[in-house]
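The sequence and the model come first, and the terms are defined where they are needed.

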Amino acid sequence: MKTTSKLTVFTTIAWLNVAALLAADPPAASVPADAALAKLKEGNLRFATSEVSQGKPTAARRTETAQAQHPFAIIVACADSRSGPELVFDQNLGELFVVRTAGNLIDDHALGSIEYAVAYAGARLIVVLGHTRCGAVTAALESDHAPGHIDSLVRDIQPAVIAAKGKPGDALDATITENARLVAAQVKAKAALGDLAKEVRIVSAIYDLDTGKIEWTKD
């Protein structure tokens, strides 16, 4: 068989697999939204107060999750290297479906990822997670323009800059909180979740780089 023919066959098989997945009924919730939030809070408490993580990946867990995933929460997080969701929530392989960009922003790719995780992986909780001293938010506070594609980050954080003006306290902290809140609102308004929307809870939170603790904002 020629190489091009092999590629055609493989491509066809791949698309048939995708079509079968999309045609399947959505799975039941891996964990209901409120219970998922409680698990995240418990995990962060362990992370902030314990010396040793309980969620450390093992060979057994890798084997267990190799063929399927059932994450109990979706985390839309900043790409900052100090704020990895699996670490700060003390979770293991297969437990969190993570979408990360600088400034915890969303675009069509992120929304598609979220929709997939709800419809086909069973997640019913979506958390938009900002963090203290966020570099993307700092850049947006300093200017509404930046070099290269960084400009898209500071542009999309500008609504938070505007919303935070006049609020008491530190301007950066206020803007970080507003940015997470506004992104959560965007997810709620834009994600096409269909009938599953009534089962899904969307919240925002801020991770403190110094203490390791997460502060949850009101829905």
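## Terms and basis

A residue is called buried when its relative accessible area is under 20%, exposed when that value is over 50%, and partly exposed in between, with a 1.4 Å probe and protein chains only. At 58% relative accessibility, for example, E64 counts as exposed.

The model is predicted, so local features need pLDDT of at least 70 and side-chain atom pairs count only at pLDDT 80 or more, whereas totals for chains, interfaces and linings use all residues. Residues are numbered from 1 along each chain as its sequence is written, and side-chain values use heavy atoms, with hydrogens and water left out.

## Overall composition

Read from the N terminus, their order is α-α-α-β-α-β-α-β-α-α-α-β-β.

The protein has 219 residues, of which 39% count as buried. Its accessible surface comes to about 12,300 Å², with 57% belonging to carbon and sulfur atoms; such areas come from the Shrake-Rupley method with a 1.4 Å probe, and for residues only the protein chains shown count as cover. Where contact means heavy atoms within 4.5 Å, 71% of the contacts between residues at least 6 apart in sequence join residues at least 24 apart.

## Strand β4 and its partners

Strand β4, residues 201-207, is mostly covered, with six of its seven residues buried. Two strands are said to pair if DSSP finds at least two bridges between them, and on this basis β4 pairs in the parallel sense with β3 (residues 125-131) over seven bridges. Within β4, S204 has V128 opposite it.

Strand β5 (residues 214-216) runs antiparallel to β4 and is joined to it by three bridges, with E215 of β5 standing opposite I206. Six residues lie between the strands in this hairpin, where G212 takes a positive phi near 80°.

## Salt bridges

The structure holds nine salt bridges, each defined as a side-chain nitrogen of Lys or Arg within 4 Å of a carboxyl oxygen of Asp or Glu. One of them joins R61 and E64 at 3.0 Å, N to O; the two residues are three apart in helix α3 (residues 59-65), and are therefore separated by about one helical turn. R61 is buried at a relative accessible area of 16%, whereas E64 is exposed at 58%. In another, the closest N and O atoms of D80 and R82 are 2.8 Å apart; D80 is buried at 15% relative accessible area, while R82 is partly exposed at 45%.

The side chains of E178 and K167 also meet in a salt bridge, at 3.8 Å, N to O. E178 belongs to helix α8 (residues 171-190) and K167 to the loop between α7 (150-164) and α8, so the pair ties together parts that are eleven residues apart in sequence. E178 is buried, with a relative accessible area of 8%, and K167 is partly exposed at 40% relative accessibility.

A nonpolar core is a set of buried Ala, Val, Leu, Ile, Met, Phe, Trp, Tyr and Cys residues joined through side-chain atoms within 4.5 Å. The largest such core has 35 residues, of which I74, I106, V118, I126, V128, I157 and V187 touch the most other members. At least two residues of this core come from each of β1 (73-77), β2 (96-100), α5 (108-121), β3, α6 (135-142), α7, α8 and β4, and the largest share, six residues, is supplied by α8. A second, separate core of 19 residues includes L37, F89, L129 and V203.

The buried residues of α8 include L172, I176, E178, V183 and V187, and what covers the buried residues of this helix includes α5, β3, α6, α7 and β4. Leaving aside neighbours within four places in sequence, V187 is in contact with I106, L111, I114, I126, V128 and I202. The end C-alpha atoms of α8 are 28 Å apart, which agrees with the 28 Å that its 20 residues should span at 1.5 Å a residue, the expected span being 1.5 Å times one less than the number of residues.

Note on methods
Helices (H or I, at least four residues) and strands (E, at least two) are DSSP runs, numbered from the N terminus.
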